[in-house]
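Dear colleague,

The entry itself comes first, and my notes on it follow.

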Amino acid sequence: MASSLRGEVLNLYKNLLYLGREYPKGADYFRSRLKAAFLKNKDVKDPEKIKQLIARGEFVIKELEALYFLRKYRAMKQRYYDDKE
């Protein structure tokens, strides 16, 4: 059980690190905040608490994806549509 959760946590960290490359405040800012968040919870041993933290991390992934999608949408809108509309 613990090894599967460890794998999930590592996968979550890798996914967040990958998504953080395009973060608006910069990859270094995101990486430092991500590392601090994971280190803060490194001593958690309860499997249920770990699952809750993983769920929160997956929510953050969805929020980042939405942020990037909106940023791309806004850029395309500025290119192809007048501001007068």
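The helices named below are DSSP runs of at least four residues, numbered from the N terminus. Please keep in mind throughout that this is a predicted model.

To begin with the overall layout, the protein chain contains three helices and zero strands, and its pattern, when read along the sequence, is α-α-α. The radius of gyration of the protein chain is 17 Å, whereas a compact globule of 85 residues would have one near 12 Å. The C-alpha trace spans about 55 × 25 × 15 Å along its principal axes, and buried residues account for 15% of the 85 residues in the protein chain.

Why do the ends of α3 lie 50 Å apart? Its 34 residues, at 1.5 Å a residue, should span 50 Å, and the distance between its end C-alpha atoms is therefore in agreement with what is expected. The buried residues of this helix are I50, I54, G57, I61, L64 and Y68. A66 is also found in α3, but this residue counts as partly exposed because its relative accessibility is 36%, which falls between the 20% and 50% cut-offs. Between the C-alpha atoms of A66 and V44, which are 22 residues apart along the chain, the separation is 29 Å.

In helix α2 we find A36, and at 46% relative accessibility A36 likewise counts as partly exposed. The C-alpha atom of A36 is separated by 16 Å from that of G26, ten residues away along the chain.

The other feature I would point out is the largest pocket, which holds about 1,000 Å³ of space. Which helices supply at least two residues each to its lining? They are α1, covering residues 2-19, α2, covering 27-40, and α3, covering 47-80. Of these, α2 gives the most to the lining, with nine residues. There are 30 lining residues in total, and those nearest the centre of the pocket are L12, L34, A37, F38 and N41. Sorted by class, the lining of the largest pocket consists of 22 nonpolar, six charged and two polar residues.

With kind regards

Key. Residues are numbered from 1 along each chain as its sequence is written. This is a predicted model: local features need pLDDT of at least 70, side-chain atom pairs count only at pLDDT 80 or more; totals for chains, interfaces and linings use all residues. Side-chain values use heavy atoms; hydrogens and water are left out. On a 1 Å grid over the protein atoms alone, a cavity is a set of points where a 1.4 Å probe fits but cannot get out, and a pocket is an open set with protein on both sides within 12 Å along at least five of seven lines; lining residues have an atom within 4 Å of a point. Grid points are joined across faces, edges and corners, and a volume is the space filled by probe spheres set on the points. Ala, Val, Leu, Ile, Met, Phe, Trp, Tyr, Cys and Pro count as nonpolar, Asp, Glu, Lys and Arg as charged, and the others, Gly among them, as polar. The expected span of a helix is 1.5 Å times one less than its number of residues. Buried means under 20% relative accessible area, exposed over 50%, partly exposed in between (1.4 Å probe, protein chains only). The radius of gyration is taken over C-alpha atoms; the globule rule is 2.2 Å times the number of residues to the power 0.38.
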